[in-house]
Amino acid sequence: MNKIVMITGATSGIGLACAKRFAENGDKLILTGRNERRLKELSDEFKSNDTQVITLTFDVRDREKATEAINSLATEWREIDVLINNAGLALGLDPEYDGSFEDWETMIDTNIKGLLTMTRLIVPLMVNRDKGHIINIGSVAGDAAYANGNVYCATKAAVKALTDGLRIDVAKTSIRVTNLKPGLVETNFSTTRFHGDTERAANVYKGIKPLTGEDIADVAVYAANAPEHVQIAEVLILPTHQANGTVIARKES
Ligand code: NDP
Ligand code: 8X3
């Protein structure tokens, strides 16, 4: 059965790869993001491949705009089967005693409060139908802090706690809740983290074959299509030469 899949932060990286994989599966897409022009380009591209798609432009930190966007959905698009809470970012890699207050606020407001806003807006629609699946994009960073990761790691530890909490709260329903925890995935993530320093970003993936957004999307599609009695609760997905958030065996070049 074709699903309606809503993806936050669908304009790049893991979110975009999920959009492509679910579209290949014949599913309908609600793509959300901040970049209206990019969303329009993607919508045209998906429509030209016969995917049914709509877009909603809002920042997940803006609760009022997010609410307006969800309220604007036509009845047939409100039957969301899968919510992928993907929008998120890291900003900076500094000791906890020396980080930027502004970067901290942005990470907390996006990765924790934005994810909570979307959960609060969409899950009631799922509860009413006794049907749905929330896939949160956590991280290996949420398993244990790594050097200078402090606040970003804390936000992803929060994603784990919120995912586990939601799973408890919907246990009486048929709704499934998944935490996907990637390790190094080569996307715009590091360029964003280093405020546009592409050279520093490239070094993050030096000497190791990182994951791609598609590697994560494959697991999301698997989880969403598992038999109804199977709940993929949590998956840690690492490149083969990464053991955890800290141990990365890089090849010398
Ligand atoms: P990208 O930077 O490629 O994509 C991030 C996406 O999130 C973009 O579409 C971005 O939109 C969107 N976004 C960021 N802030 C907001 C916001 N306030 N409102 C709406 N959309 C927003 O990085 P990834 O694809 O790698 O990141 C996706 C998720 O995966 C994040 O939650 C990240 O923490 C997580 N993750 C990434 C890993 C990695 O190594 N890459 C590993 C583990 C987890 P815009 O272009 O407008 O900024
Ligand atoms: C992104 C992966 O290890 O850079 O969450 O934090 S890591």
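Reader: How do the residues lining the second largest cavity divide by class?

Author: The lining of the second largest cavity divides into four nonpolar, five polar and one charged residues. Here Ala, Val, Leu, Ile, Met, Phe, Trp, Tyr, Cys and Pro count as nonpolar, Asp, Glu, Lys and Arg as charged, and the others, Gly among them, as polar. Before we go on, this is a predicted model: local features need pLDDT of at least 70, side-chain atom pairs count only at pLDDT 80 or more, and totals for chains, interfaces and linings use all residues. Residues are numbered from 1 along each chain as its sequence is written, chains are lettered from A and ligands numbered from 1 in the order in which they are written, and side-chain values use heavy atoms, without hydrogens and water.

Reader: Which residues line the second largest cavity?

Author: They are N85, N86, A87, G88, T110, N111, L115, I137, K156 and V159. Helix 4 and helix 5 each give two or more residues to this lining, and the largest share, three residues, comes from helix 4. Helices are DSSP runs of H or I with at least four residues, numbered from the N terminus.

Reader: What makes a space a cavity rather than a pocket?

Author: On a 1 Å grid over the protein atoms alone, a cavity is a set of points where a 1.4 Å probe fits but cannot get out, whereas a pocket is an open set with protein on both sides within 12 Å along at least five of seven lines; lining residues have an atom within 4 Å of a point. Two cavities of 30 Å³ or more are found in the whole structure.

Reader: Which residues lie nearest the centre of the largest cavity?

Author: L91, G92, W104, M107 and N150 do, out of 15 lining residues. Helix 4 (101–129) and helix 5 (150–169) are the elements giving two or more residues to that lining. Its classes are six nonpolar, six polar and three charged.

Reader: What makes S12 a polar contact of ligand 1?

Author: A polar side-chain atom of S12 lies 2.5 Å from an oxygen atom of ligand 1. A polar contact is a pair of N or O atoms within 3.5 Å, so the S12 pair qualifies. Backbone N or O atoms also come up to oxygen atoms of ligand 1, at 2.8 Å for N86 and 3.3 Å for G183. Taken alone, ligand 1 exposes 890 Å², and the protein buries 90% of that.

Reader: How many residues surround ligand 1?

Author: There are 26, and the closest are T11, S12, R34, Y152 and T187. To count, a residue needs a heavy atom within 4 Å. This shell has ten nonpolar, twelve polar and four charged residues.

Reader: Which residues are around ligand 2?

Author: They are S139, V140, A141, Y146, Y152, G183, F189 and R193. Polar side-chain atoms lie 2.5 Å from an oxygen atom of ligand 2 for S139, 2.6 Å for Y146 and 2.6 Å for Y152. The protein covers 88% of the 240 Å² of accessible area that ligand 2 has on its own, with areas from the Shrake-Rupley method and a 1.4 Å probe.

Technical notes. Polar contact = N/O pair within 3.5 Å; in protein donor to acceptor, adjacent residues only side chain to side chain. Points joined across faces, edges and corners; volume = space filled by probe spheres on them.
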